[in-house]
Structure formats: structure tokens, C-alpha cells
Amino acid sequence: MTPFDRPPVGMNLARTAKVVAQAFDAALVEAGGTLPVWVTLLSVKSRELANQRELAGMIGIQGATLTHHLNAMETQGLLNRRRDPENRRVHQVELTEAGEALFLKLRTAALAFDKRLRAGLPDERLADFAEVLAALRANVGGK
């Protein structure tokens, strides 16, 4: 058996990740959001207040990209930004009532998608899969 008798792991993983990501984004769009909006809401919600720099780090995007998302979300009334009184260069970010409502709606969609994704897979296999994914990340220097 040669290495090319089956697709290389990286290629198979990339194809699968793309299909799953597209399906997840579609589920979020159907619920009234997008993946960047969901990740931003989730990141802000996971902390009472988060500054923009920390938020960009948690989401894994550049500050300028985050600013674009935050401007749009602020215009939509989903969050508020204000200067940190102790450091005027830092913006604090918090969800509005509309942001909280969208968070709950998208959380429901994300949980339903996760249930669909896990269908028919026993917990032991999912635990093994999580370990394999962690090992693959470690093999390429990721966390």
C-alpha cells in the first residue's frame, strides 16, 4: 500500500473542515447571524467585559478586521464600546439587550448543529477524535 492509496490526512481534514464550516455558517445564517458575529458574541459573552485587543486575540483575527466587525455590530445595536476609564486607548466591549437576544438565538442554532454533527457517534469515539485533532495541531505547532 502506498501513501496515495487513500487521500492524505491533511487533504481529507481540509476538505472535511471546509464542508463542516460551510454547513455551520449556513445554520448560523438561517438563525440570523454569521460565524464572525457568533464568535464575537460568544467571546464577549464569555467575559463580563473584554477589551478589543483581548477580543481579537480570543477570536484569532487582526485588530483591523475585528474593528470592521465591531463597527457593523455596533451599528446593528448588538454591542456597545466605550473607552476604559483607566486607559483611554482601550475600548471595553459589552453586549446590548439585542446582542444578548441574538447570542441566545445563535447559541440554540450552534447547539443544534453540534447535535446534528455528533449524531450516531458514541462519546468514546468523539473523545478519541478530539485527541487525534489535538495531536495533529501539535504536529504542526498549533495549540
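Not counting residues up to four places away in sequence, arginine 137 touches Gly142 and Lys143, where contact means heavy atoms within 4.5 Å. The model is a predicted one, in which local features need pLDDT of at least 70 and side-chain atom pairs count only at pLDDT 80 or more, while totals for chains, interfaces and linings use all residues. Residues are numbered from 1 along each chain as its sequence is written, and side-chain values use heavy atoms, with hydrogens and water left out.

Arginine 137 sits in helix 6 (residues 123–139); helices here are DSSP runs of H or I with at least four residues, strands are E runs of at least two, and both are numbered from the N terminus. With a relative accessible area of 40%, arginine 137 comes out as partly exposed. That label covers the values between buried (under 20% relative accessible area) and exposed (over 50%), using a 1.4 Å probe and protein chains only.

Threonine 40, in helix 2 (residues 35–45), is buried, at a relative accessible area of 1%. Leaving aside neighbours within four places in sequence, threonine 40 is in contact with Leu55, Ile59, Leu70 and Met73. The buried set of helix 2 consists of Val37, Trp38, Thr40, Leu41, Ser43 and Val44. Their cover includes helix 1 (9–30), helix 3, helix 4, strand 3 (87–95) and helix 5 (97–118).

Now for the helix pairs. Two packed helices are described by the angle between their axes and the distance between the axes. The axes are lines fitted to C-alpha atoms, for helices over the stretch in contact, and angles run from 0 to 180 degrees between N-to-C directions. For helix 2 and helix 4, the axes come within 11 Å and cross at roughly 85°. So helix 2 is roughly perpendicular to helix 4, a label for 65 to 115 degrees (under 35 is roughly parallel, over 145 roughly antiparallel, and the rest oblique). Pro36, Val37, Thr40 and Leu41 of helix 2 meet His69, Leu70 and Met73 of helix 4. By class, that contact has five nonpolar, two polar and no charged residues. Nonpolar means Ala, Val, Leu, Ile, Met, Phe, Trp, Tyr, Cys and Pro; charged means Asp, Glu, Lys and Arg; the others, Gly among them, are polar.

Helix 3 (residues 52–59) packs against helix 4 (residues 63–75) at about 105°, with the axes 9 Å apart. Helix 3 is therefore roughly perpendicular to helix 4. Gln52, Leu55, Ala56 and Ile59 of helix 3 make this contact with Gly63, Leu66, Thr67 and Leu70 of helix 4.
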